[in-house]
Amino acid sequence: MKSPKVILRLAHKILMRVKFNQKIALVWIPGHSSITWNERADSLAKSVTESDIYIEWIAVEDICSYYSNFSIQKPIENFRNSKYLEILGDLPSILPFAPWLKNRREVIIITRILTQMIITPALLKRFGLHNNPFCSVCNQENTIEHILLICKKYLPHRRIFCLKLNLNLQIFSSYKVFLHTICSSKLHLQVFLQMLKLFDIY
């Protein structure tokens, strides 16, 4: 649950081996000390943040948590000087509105939406777990941005959302504007979370 992308990739690897009737053994190891391959894994884990290649293997929640810890010491410069800014964009910080969220599940959902890493056909396609990344209605890449802002299928739900909060549909003009709007108040965030099922997001 803490590393969804890693789990998805491992699931894919396992399924591929099952398909070719290859045997898989899962072995519990008590600790890292003096165990060669565990020491190697530990070493790779420590070096992972030094290479752009491994960004796809790092769970979004771990990235956000890592930068949240540093933001206490360096509030602005740390994220803006990092390699993640280009990939994740200028995001609202989850720290100010985290108290508005009821549980860890809501924190994870909002974090994934902020970083565009919530599970969609387009995201699954990136990991070889879905054949068709395109929307069946609009024939565009079926990303979270497409689902929330563009898809014709969900236009009535966007209108309901705006009516409930007395907002203009203009908030859907860009993903950044939309995110900053829903994160601007407790009410906006709560209504948004309640409506996610209408967008087929759970």
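Reader: What covers the buried residues of H11?

Author: In this predicted model, the cover over the buried residues of H11 includes helix H6 (104–114), H8, H9 and H10. The buried residues themselves are His 188, Leu 189, Val 191, Phe 192, Leu 193 and Met 195.

Reader: What makes H9 and H11 roughly antiparallel?

Author: Helix H9 (residues 155–165) and helix H11 (residues 186–195) pack at an angle of about 150°, and their axes lie 11 Å apart. An angle over 145 degrees counts as roughly antiparallel, and therefore H9 and H11 are described as roughly antiparallel to each other. The crossing in which H9 passes H11 is right-handed.

Reader: Which residues of H9 and H11 meet, and how do they divide by class?

Author: From H9 come His 157, Ile 160, Phe 161, Lys 164 and Leu 165, and they meet Leu 187, His 188, Val 191, Phe 192 and Met 195 of H11. Sorted by class, this contact of H9 with H11 holds 7 nonpolar, 2 polar and 1 charged residues.

Reader: Why is H6 called roughly perpendicular to H11?

Author: The angle at which H6 and H11 pack is about 90°, with 12 Å between their axes. Since angles of 65 to 115 degrees count as roughly perpendicular, that value makes H6 roughly perpendicular to H11. In this contact Glu 106, Ile 109, Ile 110 and Ile 113 of H6 meet Leu 189, Phe 192 and Leu 193 of H11, and the residues divide into 6 nonpolar, no polar and 1 charged.

Reader: How do you know that Cys 151 is in no disulfide?

Author: A disulfide is a covalent bond between the sulfur atoms of two cysteines. The rule applied here asks for a pair of cysteine sulfur atoms within 2.5 Å, and by this rule the count comes to 0 disulfides. For Cys 151, the nearest cysteine sulfur is that of Cys 135, which is 3.7 Å away, and Cys 151 is accordingly in no disulfide.

Reader: Are Cys 151 and Cys 183 buried or exposed, and what makes them so?

Author: Buried means under 20% relative accessible area. Cys 151 has a relative accessibility of 2% and therefore counts as buried, and Cys 183, with a relative accessible area of 11%, is buried as well.

Reader: What is the phi of Asn 139, and where is this residue placed?

Author: Asn 139 has a positive phi of about 55° although it is not a glycine, and its place is in the loop between helix H7 (121–126) and helix H8 (144–150). The relative accessible area of Asn 139 is 60%, so Asn 139 is exposed, given that the cut-off for exposed is over 50%.

Reader: What is the phi of Asn 166, and what makes this residue count as buried or exposed?

Author: Asn 166 is a residue other than glycine, and its phi is positive, near 55°. Asn 166 is found in the loop between H9 and helix H10 (175–182).

Reader: How many helices and strands does the protein chain have, and what percentage of its residues count as buried?

Author: The protein chain has 11 helices and 0 strands. Of its 202 residues, 36% count as buried. Among contacts between residues at least 6 apart in sequence, 55% join residues at least 24 apart.

How values were computed. Residues are numbered from 1 along each chain as its sequence is written. This is a predicted model: local features need pLDDT of at least 70, side-chain atom pairs count only at pLDDT 80 or more; totals for chains, interfaces and linings use all residues. Side-chain values use heavy atoms; hydrogens and water are left out. Axes are lines fitted to C-alpha atoms, for helices over the stretch in contact, and angles run from 0 to 180 degrees between N-to-C directions. Helices (H or I, at least four residues) and strands (E, at least two) are DSSP runs, numbered from the N terminus. Angles under 35 degrees count as roughly parallel, over 145 as roughly antiparallel, 65 to 115 as roughly perpendicular and the rest as oblique. A crossing is left-handed if the near helix is turned anticlockwise from the far one by less than a right angle, and right-handed if clockwise. Contact means heavy atoms within 4.5 Å. Ala, Val, Leu, Ile, Met, Phe, Trp, Tyr, Cys and Pro count as nonpolar, Asp, Glu, Lys and Arg as charged, and the others, Gly among them, as polar. Buried means under 20% relative accessible area, exposed over 50%, partly exposed in between (1.4 Å probe, protein chains only).
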